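Thanks for coming. I have one structure to go through today, and I will keep to what can be read from the coordinates. Please have a look at the sequence and the model first.

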Amino acid sequence: MKMKKGSIVGIIILVVIALIALSAIGSYNDLVSKKEDVDSKYSDISVQLERRADLIPNLVNTVKGYMEHEENIIDKVTKARENLVNAKTVEEKANANQELTTSINNLIAVVENYPDLKANENFINLQDELAGTENRIAVARKDYNDTVKSYNKTIKSFPKNLFASMFGFDEADYFEAKESSNEVPNVSFKED
């Protein structure tokens, strides 16, 4: 039995539609997976930033007793911590993280004037905890940015870019420090 030309064309059209549907499903699932990876890595950064923020009150309380005349620096650290805890977006967290890093660096610089504090075991332990957390943040930030790079490349590459725009997959933001973070902080020992 011979198939009619119309039947053959119909079958070819169905096969093409099936291939497009399978490609769309595969692309969608890949995009969902990569987006979940980005969200997971962002969560890793958030966990480390939260850990760091939790250490700050202990550091501030330890330092307060020794640094009665340096209240301005302590207030800046406290305010920077609050900004980090309240940050919601990737950009807000990156900016708040940089603000806290600068404030902590200023605090550590001032600590140099207090030899008793530098020798305090609690302060030394907190400083070690913060240093370890800083390393974890750096690793989490690198992992996040690598994942964002892979995700962004995927949603920009043909043909997945068609499905990404169709299904609402937007470009993810990198976790970057501000340009001003490369500047050396200004540490002043006089009261405002």
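**Salt bridges and helices**

I start with Lys 160, which is partly exposed because its relative accessible area is 23%. On this scale buried means under 20% relative accessible area, exposed means over 50%, and partly exposed lies in between, with a 1.4 Å probe and protein chains only. Before going on, a word on the source: this is a predicted model, in which local features need pLDDT of at least 70 and side-chain atom pairs count only at pLDDT 80 or more, while totals for chains, interfaces and linings use all residues. Residues are numbered from 1 along each chain as its sequence is written, and side-chain values use heavy atoms, with hydrogens and water left out.

Which residue does the side chain of Lys 160 meet in a salt bridge? The partner is Asp 30, at 2.4 Å from N to O. This pair links distant parts of the chain, with Lys 160 in helix α6 (residues 160–167) and Asp 30 in helix α1, 130 residues apart. Asp 30 also counts as partly exposed, at 23% relative accessibility. A salt bridge here is a side-chain nitrogen of Lys or Arg within 4 Å of a carboxyl oxygen of Asp or Glu. Helices are DSSP runs of H or I with at least four residues, strands are runs of E with at least two, and both are numbered from the N terminus.

A search of the whole structure finds seven salt bridges. Another one joins the side chains of Glu 129 and Arg 51, 2.7 Å from N to O. Again the pair links distant parts of the chain: Glu 129 sits in helix α5 (residues 121–156) and Arg 51 in helix α1, 78 residues apart. Glu 129 is partly exposed at 35% relative accessibility, and Arg 51 is partly exposed at 28%.

Lys 142 forms a salt bridge with Asp 146, and their closest N and O atoms are 2.6 Å apart. These two are separated by about one helical turn, because they are four residues apart in helix α5. Lys 142 is exposed, with a relative accessible area of 52%, whereas Asp 146 is partly exposed at 39%.

Now the chain as a whole. Its secondary structure comes to six helices and zero strands. Of the 192 residues, 32% count as buried. Among contacts (heavy atoms within 4.5 Å) between residues at least 6 apart in sequence, 76% join residues at least 24 apart.

Next, helix α2 (residues 71–86). Its 16 residues should span 22 Å at 1.5 Å a residue, and the end C-alpha atoms are 22 Å apart, which agrees. The expected span is 1.5 Å times one less than the number of residues. Which residues of α2 are buried? They are Ile 73, Ile 74, Val 77, Ala 80 and Leu 84. These residues cover an arc of only 125° around the axis, so they lie on the same side of α2. The arc is taken from the directions from the helix axis to the C-beta atoms. What covers the buried residues of α2 includes α1 and α3 (90–111).

Last, the surface. Leu 19, in helix α1 (residues 5–64), counts as exposed because its relative accessibility is 54%. Together with Ile 11, Val 15, Leu 22 and Ile 25, Leu 19 makes a nonpolar surface patch of about 490 Å². Patches are made of residues with over 30% relative accessible area and no salt bridge, with like charges joined within 9 Å and nonpolar side chains (Val, Leu, Ile, Met, Phe, Trp, Tyr) within 5 Å. Accessible areas come from the Shrake-Rupley method with a 1.4 Å probe, and for residues only the protein chains shown count as cover.
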